[in-house]
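Dear colleague,

Please find below the structure that I am handing over to you.

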Amino acid sequence: MVGDRGVGDWIANRFEIFDIHEGGMSRVYVVHDHKGESGRMVVALKTLRDELLINRVRRSRFATECRLWVQLGEHPNIVQAHSVEILEGSPFV
């Protein structure tokens, strides 16, 4: 599970958090991705809020929705999603 994460924490020893935004059902971490060719690229990681992650059905539905979002590809009216990954036991897009 994600647990309580704050600015300066790391996700999967790869993503360094420098900003956090929350909505009704999800949390978005703005992070530096330290794995890319450039060594440090800014990306956003979206996941469900902690209280929703404990429900297996909600996690599964979130992962399905995110896979569909990735399949949409580039579109002028939506943010492009690149992948869905399970990081430290939680789904992220």
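Predicted model: local features only at pLDDT ≥ 70, side-chain atom pairs only at ≥ 80, totals over all residues.

Strand β2 (residues 15-22) and strand β3 run antiparallel and are joined by seven bridges. Helices (H or I, at least four residues) and strands (E, at least two) are DSSP runs, numbered from the N terminus, and two strands pair if DSSP finds at least two bridges between them. Within this pair, Ile 20 has Tyr 29 of β3 as its bridge partner.

Residues are numbered from 1 along each chain as its sequence is written, and side-chain values use heavy atoms, with hydrogens and water left out.

On its other pairing, β3 meets strand β4 (residues 41-48) in the antiparallel sense over eight bridges. Here Arg 27 stands opposite Thr 47 of β4, and His 32 stands opposite Val 42 of β4. Taken as a whole, four strands form an open, antiparallel sheet in the order β1-β2-β3-β4. Its edge strands are β1 and β4, each of which pairs on one side only.

Why is strand β3 (residues 26-33) described as largely enclosed by the rest of the structure? The reason is that seven of its eight residues are buried (under 20% relative accessible area; exposed is over 50%, partly exposed in between; 1.4 Å probe, protein chains only).

The largest nonpolar core has eight residues: Ile 11, Phe 15, Ile 17, Tyr 29, Val 31, Leu 45, Leu 87 and Phe 92. β2 and β3 each supply at least two residues of this core. Apart from it lies another core, of seven residues, including Leu 52, Leu 53, Cys 66 and Ala 81. A nonpolar core is a set of buried Ala, Val, Leu, Ile, Met, Phe, Trp, Tyr and Cys residues joined through side-chain atoms within 4.5 Å.

Finally, Val 7 lies in the segment before β1 (10-11). Val 7 counts as exposed because its relative accessibility is 59%.

Yours sincerely
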